[in-house]
Amino acid sequence: METLKTAAHKHMPPISPPPSPRRLLTLYSTFILKNQSSVTQIESALRSLTYIIPGRFRDAELASESLHSSIQLLSLYHDTLLTRAVAKLPGMSQVRQKEQSSHNRYTKFWIGHSRFYRRVATALAVVQYTQLLWEMMAKRKGERVRWRVVVLLEVLKAVCRLRLLRITNSRPLVTPPLPEREVIPEVEAEEEETEAGEFEDEGFSEIKERPRVISHGRGEKEYKMKRTGLSLPSLPKPGDISSYLLSKVLTADDIKEPNALLNKTVGSAQLAELLHILQPVVYAVAMSRTKDKKNWQPWLLGLSLEYAARQLRKDGLRTTPLEREQWGKRGWAMGWWAMRGAFYENVTKGFLHGASAKLPSLVSGVLDDYLYLWDGYYFSTSAE
């Protein structure tokens, strides 16, 4: 009997231990890299779902915002994985430099040259993605606690931005501070065909290699020769020759160093950047100290600081395209002032509630859900 037990024990397959967290993380990263398009579609679908039901049921706004914040944080992690994968691809830094946006080139430079920049920028992004969720949870404990949390979050964001301003040697801030997601080119390796043929004087077989097809995600394919490493670009369409030639021309920004895409701020330009950073803190403190939502003083104070920052900045011949792009984003973001403070309570709120009563039930239902958020939460209309 003992012999049978011993034999059975010897022939039993060994029980493998459960995979370690590091192994699971590696498997998950591999899955994300191999299914980038599918993951992006799932993220967009879930994010759209949170836009549809922001406040339809009791406590639904908290559940919806929790889901939205989780998706944003998960997308942030996915962006980090994809950025590392693109950086490791052979020859991508030279081949795709022209295809990258100035924003991505600039942010990737600082992430690669400063670990502190990456940590501060990530912390800033995390606060921005979760700020409304923190406000919703704080509001359950009263308005006083809610405004304390709002001011604290604005102070944290201002500290992060001031640190980024110092790390980049007083260069203007970019939005977002991290690189945006890029598409990883799909490499389709064709089967290699080997023909047996011997050289008369060498005595080894001749190998004929077929090129690899590299897709850049826009319908364009390049043939990369495996032996030489050179790529043969696809020919343009007959009616698109001019734009094809222009796409191959290097501009001044293409040959600039990434850190030169934004000029250092000095004098009034530096003061403008500081006002832009501190303006949300001043506005949040002013709003926390007023008991009347229709009071115009906090709204006028915040808008005046933002307008002063725009007037103090220098827009001359040395202004780079990336700097104009960032100030353009800030200009469009000023439109959110129509949805904040006294202007919203005295002007916009009545117009939107009146329009909601005249719209079809399906559209008015979604609008009413957002009106619930705009009426009661500070960060629901925050520009940054």
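Guide: Let us begin with exposure: a residue is called buried under 20% relative accessible area, exposed over 50%, and partly exposed in between, with a 1.4 Å probe and protein chains only. The model before you is predicted, so local features need pLDDT of at least 70 and side-chain atom pairs count only at pLDDT 80 or more, whereas totals for chains, interfaces and linings use all residues. Residues are numbered from 1 along each chain as its sequence is written, and side-chain values use heavy atoms, with hydrogens and water left out.

Visitor: Is lysine 349 buried or partly exposed?

Guide: Lysine 349 has 26% relative accessibility and therefore counts as partly exposed. Its salt-bridge partner, glutamate 345, has 14% and so counts as buried.

Visitor: How should I read a salt bridge, and how many does a search of the whole structure find?

Guide: Side chains of opposite charge can pair when their charged atoms come close. The cut-off here is a side-chain nitrogen of Lys or Arg within 4 Å of a carboxyl oxygen of Asp or Glu, and a search of the whole structure finds 6 salt bridges. In the one between lysine 349 and glutamate 345, the closest N and O atoms are 3.6 Å apart; both residues lie in helix α14, 4 residues apart, about one turn of the helix. Helices (H or I, at least four residues) and strands (E, at least two) are DSSP runs, numbered from the N terminus.

Visitor: Which residue forms a salt bridge with arginine 146?

Guide: The partner is glutamate 143, and the closest N and O atoms are 2.7 Å apart. Both residues belong to helix α8, where 3 residues, about one turn of the helix, separate them. Arginine 146 is buried because its relative accessible area is 5%, whereas glutamate 143, at 39%, counts as partly exposed. With Glu135, these two residues are linked in a network of salt bridges. Helix α8 also holds glutamate 154 and lysine 157, again 3 residues apart, and their side chains meet in a salt bridge at 3.5 Å, N to O. Here glutamate 154 is buried at 2% relative accessibility, and lysine 157 is buried at 1%.

Visitor: How is a pair of aromatic rings described?

Guide: Such a pair is described by the distance of the centres and the angle of the planes. Rings of Phe, Tyr and Trp (its six-membered ring) pair if their centres lie within 6.5 Å, and planes under 30 degrees apart count as stacked, over 60 as edge-to-face and the rest as tilted. Tyrosine 106 is buried, with a relative accessible area of 1%, and tryptophan 110 is buried at 8%. Tryptophan 296 and phenylalanine 343 also form an edge-to-face pair, with 6.4 Å between centres and 90° between the planes. Because tryptophan 296 lies in helix α12 (residues 296-312) and phenylalanine 343 in helix α14 (residues 341-358), this pair ties together parts that are 47 residues apart in sequence. Tryptophan 296 is partly exposed at 34%, as is phenylalanine 343 at 25%. One aromatic cluster includes both Trp296 and Phe343, and among its other members are Trp147, Tyr283 and Tyr378.

Visitor: What is a nonpolar core, and which residues touch the most other members of the largest one?

Guide: A nonpolar core is a set of buried Ala, Val, Leu, Ile, Met, Phe, Trp, Tyr and Cys residues joined through side-chain atoms within 4.5 Å. The largest has 23 residues, of which Tyr106, Trp110, Tyr117, Leu164 and Leu178 touch the most other members. Two or more residues each come from α6 (102-113), α7 (115-139), α8 (143-167) and α11 (268-289). Apart from this core lies another, of 20 residues, including Leu133, Met334, Ala342 and Tyr378.

Visitor: Which residues does leucine 178 touch?

Guide: Contact means heavy atoms within 4.5 Å. Not counting residues up to four places away in sequence, leucine 178 touches Leu76, His103, Thr107, Ile111, Ala121, Thr122 and Ala125.

Visitor: Which residues make the nonpolar surface patch?

Guide: Ile42, Leu46, Leu49 and Leu67 make a patch of about 320 Å². Patches are made of residues with over 30% relative accessible area and no salt bridge, like charges being joined within 9 Å and nonpolar side chains (Val, Leu, Ile, Met, Phe, Trp, Tyr) within 5 Å; accessible areas come from the Shrake-Rupley method with a 1.4 Å probe, and for residues only the protein chains shown count as cover. Helix α3 (residues 36-52) gives the largest share of the patch, 3 residues. Leucine 49 has its place in this helix and is partly exposed, with a relative accessible area of 40%.
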